[in-house]
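Open the model in your viewer and keep the selection tool at hand. The tour below goes from stop to stop, saying what to select and what is there.

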Amino acid sequence: MSSQTEKELKRQYLDLIAEKYDSEEKVATKIIHLESILDLPKGTEHFVSDLHGEYHAFQHVLRNGSGNLQQKIYDIFQSRLDLQEMNELIALTYYPEEKIKRIKNGFNTKAERHTWYEKTINRLLELVKYTSSKYTRSKLRKSLAPEYTFIIEELLYKSNQFNNKKDYYDAILKQIIQLNQADKLIISLANTIQRLVVDHLHVVGDIYDRGPHPDKIMDTLIDYHSVDIQWGNHDVLWMGAYSGSKVCLANLLRICARYDNLDIIEDAYGINLRPLLTLAEKYYDDNEAFRPKKHPEKNPSESEILQITKIHQAIAMIQFKLEGPIIKRRPEFEMNERLLLDRVDYRNHTIELNGKVHTIENTCFRTVDRRQPTALLEEEQEVMDKLLTSVQESEKLRRHVDFLMKKGNLYLRYNGNLLIHGCIPIDEQGEMEGMTIDGRFVSGRELIDEFESHVRYAYEHKEVEDDLSTDLVWYLWTGKYSSLFGKRAMTTFERYFIKDKSTHKEEKNPYYRLRENEDVVKKMLEEFDMNPEQGRIINGHTPVKERDGENPIKANGKMLVIDGGFSKAYQSTTGIAGYTLLYNSFGMQLVAHQHFNSKEKLLETGEDELSIRRVVDKELERKLIRDTNEGIELQKEIDMLKALMSYRYMK
């Protein structure tokens, strides 16, 4: 493009902007506003990872801001309120609707209730003022419920310096109570406070699978004020299924059956499993290896367990069959050793792995044609066709996957940190590993960018099932160079059918050992064009076994791993209920959460079973908005407005 053309385009662009800012005063006011914002403290970032459908624990962490809200209540009221009063305020701010009902039941007189309302509203207004102290008034206004904006702003900024407005403020509170608006106002104030304590939420992968309510988590995230998502391997499985991958669909159904979560499929997303059940009833019987894991919230009957066991076998065998054709048509995936159905000796029920013959147990091979082990029966093909149609016609799942695509990426560079769910594939020497995709060898950041482009292409072309992009979405779930899987092979088949546990082991990518090395982590940051001295990598995916003494802070603080076990399935080995991370203008704090028992206990006692905080680092200088991604974008807008000022008003 010639310099003359560039000048003409810039002139046209400035003319367009001038339609909005049609006077010198408007441009100047906007510049002043934006320049002043740059010098505000950066907002608090909240990092969570590996939620795995644990909606109630996630809701609690979201409402308390990983203890941030509790700390602010202590900061303000510790010298004025006793512990019981502060705990009551904590519970009210976390769960206002439920707590109000409990408190109101204890009032004996109308006067008692009115006194409590006045006291509580004033305390919550103090909290709003404190939690919004580093925001502009316009940003605070956006966080208020529109129906109460006028009332809250009048009470927030009240001034009685000349003793002229005391009756005015008293009248506002009195009318709020008399018109039965106090409950709604308190709920509104509590929700505003929750929103203000966290400026932005990062979900570092794995919203789906294992736990019972990933759909509720997705609904919460869709309504959240500011969020981004780094896709996890379990998320990509669901995205792949919606994008037309039957093998991804079979995998997620198998996992739901294994964890007794098939009601997510049927009840939450309205996907009809009757064809799969009919197939399962025809070909499968009870099988100990396929019985569902005990669900903490369910107590199924024996007949229900048997039904799930049959479905589990049916979909597992379909999954193993569907994997075969992909492995055969994609030699660049280097997965020939995973063609296990082709290697089974069906007469003797044995299989040879790594030179050793193993007996196959818990077999369920009635639908396997020994001459073509990976060929689907016509009935199986029909079932998968119907299931895929049902998945792609689920309005709720469409909305959730659309949101994952809109707000998600495989990695994110944000405020100097690299957020990635799984790993950056490297070899034993710490060099970037890669693979050939569509005739071109890619590694490091380029490899992950290539993966993401294929995820998006598959999503945009849902009608195509067996193209390279759809196959690569499945590869992200299970391939040895996948940044999400991070292991050399997935041994699902062995865990079902082979007793020898040495065959179950899944060798991790060297990344998971070398991420303890500060120099290696710095090298990976450089690969993503990030400052290796100031930046950090923030990971999920692999539960940190705190019980065994594992440290989530690695490589001298350059690597932070925040999967500590939100999923109940992991908590017996991790010893905690998840890590989260807070990053405010003063630095980073890692929060280790205790097991979340129940909302009822918190409402009763107000005691929040939180959290042990560990300071990751403290900023030498307080970080301002000008030091953030947001600040970069604001500076671009300022530069544009200054150019407009020079072009239009200062000639």
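Begin by selecting helix H4, whose buried residues are Asn68, Leu69, Gln70, Lys72, Ile73, Tyr74, Ile76 and Phe77. Here buried means under 20% relative accessible area, while exposed means over 50% and partly exposed lies in between, with a 1.4 Å probe and protein chains only. Helix H4 spans residues 68-77 and is mostly covered, since eight of its ten residues are buried. Helices (H or I, at least four residues) and strands (E, at least two) are DSSP runs, numbered from the N terminus.

Before moving on, note that this is a predicted model, in which local features need pLDDT of at least 70 and side-chain atom pairs count only at pLDDT 80 or more, while totals for chains, interfaces and linings use all residues. Residues are numbered from 1 along each chain as its sequence is written, and side-chain values use heavy atoms, with hydrogens and water left out.

**The whole chain**

Now zoom out to the whole chain, in which the secondary structure comes to 28 helices and 17 strands. Along its principal axes the C-alpha trace spans about 95 × 80 × 45 Å. For 651 residues, a compact globule would have a radius of gyration near 26 Å, and the 28 Å of the chain agrees with that; the radius is taken over C-alpha atoms, and the globule rule is 2.2 Å times the number of residues to the power 0.38. Of the 651 residues, 56% count as buried. Among contacts (heavy atoms within 4.5 Å) between residues at least 6 apart in sequence, 72% join residues at least 24 apart.

**A pair of helices**

Next, select helix H5 (residues 83-94) together with helix H6 (residues 96-104), which pack at an angle of about 130° with their axes 6 Å apart. That angle makes H5 oblique to H6. The axes are lines fitted to C-alpha atoms, for helices over the stretch in contact, and the angles run from 0 to 180 degrees between N-to-C directions; under 35 degrees counts as roughly parallel, over 145 as roughly antiparallel, 65 to 115 as roughly perpendicular and the rest as oblique. Show the side chains where Glu88, Ala91, Leu92, Thr93 and Tyr94 in H5 meet Pro96, Lys99, Ile100 and Ile103 in H6.

Which loop holds Asp50? Asp50 lies in the one between strand S1 (45-48) and helix H3 (55-64), and His52 is found in the loop between S1 and H3 as well. Most residues other than glycine have a negative phi. Asp50, however, has a positive phi of about 55° although it is not a glycine, and His52 has a positive phi of about 45°, again without being a glycine. Asp50 counts as buried at 0% relative accessibility, and His52 is buried with a relative accessible area of 1%.

**Two threonines**

Select Thr220, whose place is in helix H12 (residues 214-223), and which counts as buried at 15% relative accessibility. Leaving aside residues up to four places away in sequence, Thr220 touches Tyr55, Phe58, Gln59 and Leu62. Although Thr220 and Leu62 are 158 residues apart along the chain, their C-alpha atoms are separated by 9.8 Å.

Then go to Thr350 in strand S5 (residues 350-353), which counts as buried at 17% relative accessibility. Beyond residues up to four places away in sequence, Thr350 touches several others, including Arg343, Val344 and Ile360.

**An enclosed helix**

How many of the eleven residues of helix H22 (residues 468-478) are buried? Eleven of the eleven are, so H22 is largely enclosed by the rest of the structure. To see what covers these buried residues, display helix H13 (233-242), helix H14 (246-258), helix H17 (302-329), strand S10 (434-437) and helix H21 (444-460), which are included in that cover.

**Last stop**

Finish at Pro543, in the loop between strand S12 (536-539) and strand S13 (553-554). Pro543 is partly exposed, with a relative accessible area of 23%. Draw a distance from Pro543 to Phe566, which are 23 residues apart in sequence and 9.2 Å apart in space, C-alpha to C-alpha.
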